[in-house]
There are 4 protein chains.
Amino acid sequence: TAIPVLDHGFVRVVDYMGDDAAICQAARVSYGKGTKSVQNDEGLIRYLMRHWHSTPFEMCEIKLHVKLPVFVARQWIRHRTANVNEYSARYSILDREFYIPAPEHLAAQSVVNNQGRGDTLSGEDAAKVLEILKADSSRAYDHYAELISEEEGSVGLARELARMNLPANIYTQWYWKVDLHNLLHFLRLRADAHAQYEIRVYADAICNVVADWVPFAFKAFEDYRMGAVSMSVQM
Amino acid sequence: TAIPVLDHGFVRVVDYMGDDAAICQAARVSYGKGTKSVQNDEGLIRYLMRHWHSTPFEMCEIKLHVKLPVFVARQWIRHRTANVNEYSARYSILDREFYIPAPEHLAAQSVVNNQGRGDTLSGEDAAKVLEILKADSSRAYDHYAELISEEEGSVGLARELARMNLPANIYTQWYWKVDLHNLLHFLRLRADAHAQYEIRVYADAICNVVADWVPFAFKAFEDYRMGAVSMSVQM
Amino acid sequence: TAIPVLDHGFVRVVDYMGDDAAICQAARVSYGKGTKSVQNDEGLIRYLMRHWHSTPFEMCEIKLHVKLPVFVARQWIRHRTANVNEYSARYSILDREFYIPAPEHLAAQSVVNNQGRGDTLSGEDAAKVLEILKADSSRAYDHYAELISEEEGSVGLARELARMNLPANIYTQWYWKVDLHNLLHFLRLRADAHAQYEIRVYADAICNVVADWVPFAFKAFEDYRMGAVSMSVQM
Amino acid sequence: TAIPVLDHGFVRVVDYMGDDAAICQAARVSYGKGTKSVQNDEGLIRYLMRHWHSTPFEMCEIKLHVKLPVFVARQWIRHRTANVNEYSARYSILDREFYIPAPEHLAAQSVVNNQGRGDTLSGEDAAKVLEILKADSSRAYDHYAELISEEEGSVGLARELARMNLPANIYTQWYWKVDLHNLLHFLRLRADAHAQYEIRVYADAICNVVADWVPFAFKAFEDYRMGAVSMSVQM
Ligand SMILES: Cc1cc2nc3c(=O)[nH]c(=O)nc-3n(C[C@H](O)[C@H](O)[C@H](O)COP(=O)(O)OP(=O)(O)OC[C@H]3O[C@@H](n4cnc5c(N)ncnc54)[C@H](O)[C@@H]3O)c2cc1C
Ligand SMILES: Cc1cc2nc3c(=O)[nH]c(=O)nc-3n(C[C@H](O)[C@H](O)[C@H](O)COP(=O)(O)OP(=O)(O)OC[C@H]3O[C@@H](n4cnc5c(N)ncnc54)[C@H](O)[C@@H]3O)c2cc1C
Ligand SMILES: Cc1cc2nc3c(=O)[nH]c(=O)nc-3n(C[C@H](O)[C@H](O)[C@H](O)COP(=O)(O)OP(=O)(O)OC[C@H]3O[C@@H](n4cnc5c(N)ncnc54)[C@H](O)[C@@H]3O)c2cc1C
Ligand SMILES: Cc1cc2nc3c(=O)[nH]c(=O)nc-3n(C[C@H](O)[C@H](O)[C@H](O)COP(=O)(O)OP(=O)(O)OC[C@H]3O[C@@H](n4cnc5c(N)ncnc54)[C@H](O)[C@@H]3O)c2cc1C
């Protein structure tokens, strides 16, 4: 059961290991017989989060199958503490699937924040933008298909070369596996208001997955991490 | 069901995620519809191992509970690509458990290889060594217990300080979680003939676990990695 | 002094730390007074390489400034053991610079190896391909410029959105810092015959840099690593 | 010029790469021509720190030579994002140097915080503790020397085995290389009031080094990171 994101993308949980109890189990290895007050699981998890005892959160692992536009993938892959297997455009043929924003997500360059969006475009302007994006994607894919065609009389260009003509809104996919500590770090940066909308919707979808999977850890994360960033931003 | 190692140690599988099929599943993400010859799982895994396509092996994860002497733990922890939670000797009281080698594993300093063992000690020499190790461990623990005692009239030294008196053959324990690629790298270095006997027996125990868990991957590892090292050593 | 690579790219050394002597200095920390035979630097480095004692090689660090096409950057960034700062297309405007292959590097899809190139295209076919690549790049950039234009009456689309229309042969740039051990691992995979030509030329340029910087280490790498891969491939 | 720490330890800067200007230089790669307001270096560094733009801080690297007791080394090595070469007690003979705390740093187990120290011991209690530590260290080293002795008639035990008898207050040494971002993370956790005194003094010494090396970055770290932790602790 994949969670749909954007127009053709999705996030799908392939497998996971551990849960809130596994975080506590690992943390309690440290305390051995020395533990005097047996803390309940939620209290312990909140304590660990508050004090940056991050290693017990690394004891949970999740593997996702994600379909996403290339320009989103380029931001995502910057998070190095994960394991990744991506669709190979050297080996395989990419599908004709491009991200075309919904009109209400087309925004002007922000004037206050150089790295971001400002007001939503007017209907007319949006239409103009969408027309360009659609026409260019379509033409680029036609040319890609033509270049790699194996039919008699075709050029038969190597796939690894032909793909260079495809724009960054084409979709790719990958398996992405990460531990909970580093996933929360990813979510802190990418579910944040400063992140680009197109990666934020993936982060938001994953937030829901995580809230279901490890409810105590996610609640502690919301209380101590998400809040903490905005605080320092206002400083 | 813990696998006993050395005199008081063990390795126990707490949890794992993925198997041989998961390696192939991830590798096949790359190939998409482009795959012409559908390779069988074993063939694909051998191909990946041979060509150092290591990322699909990262898609499997295992979590072990290990009890081991501190001097072994010091070697083990040098492998950074793992997640660890160790028993805290700041917080908790260590048990009176020390590694005392079996007489047949007491060896003289190697004369050919500075970093290693030579011939086994004679019975008399072995007895002398064991006597020292036992007496010193025992005395050190008595002193540790005395220093941290909470009884009336005791010094009541902080645990984090008292432990500094304990020798490196005392046992500690931890949860250790790692992906299969990096676990195999660990095994390559630590199940090797050059590794110290006391860590090698742990590596050997884990080799058996891995051979059961992901038989194709383990076989490929034995054929292409274990062999490859000794080959270059002879060069 | 930047080393030119491809039509608009380059590799430039910004800074580095350590050299062959630094590898030996770190390795000798381990040996302390126990070293009996004082090995010369080259012998020691060859010994370390042969036995996979990789940590002393991590003691050298290099920082490069690289300009490269996006589809090459996508392969390169998969190497996680590096530090990276990339030009931001959310914040800044990309230049009108696209990689257009030299005709002799336009090749057909390999028929024996799905992930690679076969024969070079004929002159006529090459001309056709180049025409498409040039026209599409040019049109895509015109549209990009139009979309982000800040002139009166323009749409003024946010940069982070407009860039999605740009094809993967546009150039980006980054600072890339890495330790020598992981750089050699990168070179082993990317200066290899199986790597795509367009990343291989960067790897080759860096090989020259490394051979100048740490000649003993590079020689040992060539002898024990580069050779070792092709050997196992033939198995 | 080594900075003395504890009774026999030290921290010594071997080499470094980059400075405050290098952080800014890397950060500015992102902004390209798009930068409208040219921020001064200090302002930019504070901005990056506040917003967790951590990658530019990874562009600075430092290599330290550290001599430290084994129980401190065991805490330190848990920081995985560093490069390490440690003195080998398999290969070499450890020196007769043990950490013996100054009397004023001998404290009772804390009653409020299980993982920590409480009041300083009385003069009499301190004397008793020191006597035990000194006698046990001394005896352990005598036995170690006896076990590994190469004299005629000695046991000649392998070094890798004999060291297991040595207590955790013996000194070891290593080369430790790390980037500035991860060094600051280390300092945040280890220069903190909750860290054990014996590692905190090393962290404090390194804080001074960093304040000299990258004054703007260190100031920003003090303002936005050190403060931030204590804040959440009080929550
Ligand atoms: C010819 C070729 C074809 C390829 N085809 C594909 C493909 O079709 N699809 C695809 O997805 N990729 C493909 N790749 C990329 C490949 O999967 C690796 O991502 C890339 O080669 C980087 O290798 P690495 O992981 O060893 O390097 P690094 O990321 O630099 O890592 C070096 C080592 O550090 C350790 N390490 C670093 N980070 C982590 C971490 N987060 N977790 C655990 N261990 C870590 C591991 O031991 C790793 O081996 C291809 C590569 C080559 C050379
Ligand atoms: C006061 C205090 C008490 C402690 N008590 C205990 C205890 O009782 N028991 C115990 O076991 N430990 C204890 N620790 C150690 C603690 O669990 C960490 O191991 C240590 O602080 C290093 O932190 P780190 O993992 O953030 O640092 P690093 O290892 O330097 O990592 C920095 C960041 O890099 C990423 N990273 C690096 N390597 C990996 C990897 N292999 N996989 C995934 N992500 C990675 C993570 O995002 C990580 O946060 C204690 C630490 C402190 C400060
Ligand atoms: C709003 C926003 C804007 C951004 N703008 C830009 C930009 O303009 N240009 C740009 O280049 N990037 C930009 N980035 C990306 C950013 O620089 C990081 O690459 C990305 O956020 C990943 O963060 P990370 O390094 O903490 O995560 P991970 O790579 O997952 O690392 C987590 C932690 O592990 C440790 N770690 C992991 N790998 C290594 C390693 N190889 N060496 C040392 N430590 C390691 C570090 O402690 C690190 O903090 C932006 C990010 C955001 C959220
Ligand atoms: C027989 C033997 C003798 C040894 N003798 C000594 C000795 O005398 N002194 C000594 O200090 N050590 C010694 N070691 C330990 C050795 O130096 C390594 O620390 C240990 O083997 C772990 O190897 P690794 O770094 O490859 O593993 P991991 O730390 O698990 O790393 C796997 C790979 O991931 C990447 N990686 C992970 N973390 C980082 C990081 N922070 N920065 C960059 N890349 C990273 C690297 O590509 C690395 O190869 C010895 C080891 C063996 C097997």
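Figure 1. The ligand 2 site lies between chains A, B and D. The model is predicted: local features need pLDDT of at least 70, side-chain atom pairs count only at pLDDT 80 or more, and totals for chains, interfaces and linings use all residues. Residues are numbered from 1 along each chain as its sequence is written, chains are lettered from A and ligands numbered from 1 in the order in which they are written, and side-chain values use heavy atoms, with hydrogens and water left out.

**Figure 2. Polar contacts and cover of ligand 2.** A polar contact here is a pair of N or O atoms within 3.5 Å. On chain A, an oxygen atom of ligand 2 is 2.6 Å from a polar side-chain atom of Asn182(A), and an oxygen atom of ligand 2 is 2.9 Å from an N or O atom in the side chain of His181(A). On chain B, a nitrogen atom of ligand 2 lies 3.0 Å from a backbone N or O atom of Arg80(B). Ligand 2 on its own has 950 Å² of accessible area, of which the protein covers 85%; accessible areas come from the Shrake-Rupley method with a 1.4 Å probe.

Figure 3. Helices (H or I, at least four residues) and strands (E, at least two) are DSSP runs, numbered from the N terminus.

**Figure 4. Ligand 3 between three chains.** Ligand 3 lies between chains A, C and D. Around it are 25 residues, and Arg80(A), Thr81(A), His185(A), Glu86(C) and Asn182(D) come nearest. Oxygen atoms of ligand 3 lie 2.7 Å from an N or O atom in the side chain of Thr81(A) and 2.6 Å from an N or O atom in the side chain of Asn182(D). A nitrogen atom of ligand 3 is 3.0 Å from a polar backbone atom of Arg80(C). Taken alone, ligand 3 exposes 940 Å², and the protein buries 84% of that. Helix H6 (180-190) of chain A, strand E4 (82-86) of chain C and helix H6 (180-190) of chain D give two or more residues to the shell. The classes in this shell are two nonpolar, 16 polar and seven charged residues.

**Figure 5. Contact between chain A and chain C.** The contact (heavy atoms within 4.5 Å) takes 59 residues from chain A and 59 residues from chain C. About 5300 Å² is buried between the two chains, and carbon and sulfur atoms give 53% of this area. Buried area is the accessible area (1.4 Å probe) that two parts lose on being put together, summed over both. Arg74(A), Arg90(A) and Met164(A) supply 15% of the area that chain A buries against chain C, more than any other three residues.

Figure 6. In chain D, the buried residues of helix H2 (residues 41-50) are Leu44(D), Ile45(D), Arg46(D), Leu48(D), Met49(D) and Arg50(D). Buried means under 20% relative accessible area, exposed over 50%, and partly exposed in between (1.4 Å probe, protein chains only). In chain B, Glu42(B) is in helix H2 (residues 41-50). Glu42(B) counts as partly exposed because its relative accessibility is 29%.

Technical notes:
A residue is near a molecule or strand if one of its heavy atoms lies within 4 Å of it. A polar contact is a pair of N or O atoms within 3.5 Å; within protein, one must be able to donate a hydrogen and the other to accept it, and residues adjacent in sequence count only if both atoms are side-chain atoms. Ala, Val, Leu, Ile, Met, Phe, Trp, Tyr, Cys and Pro count as nonpolar, Asp, Glu, Lys and Arg as charged, and the others, Gly among them, as polar.
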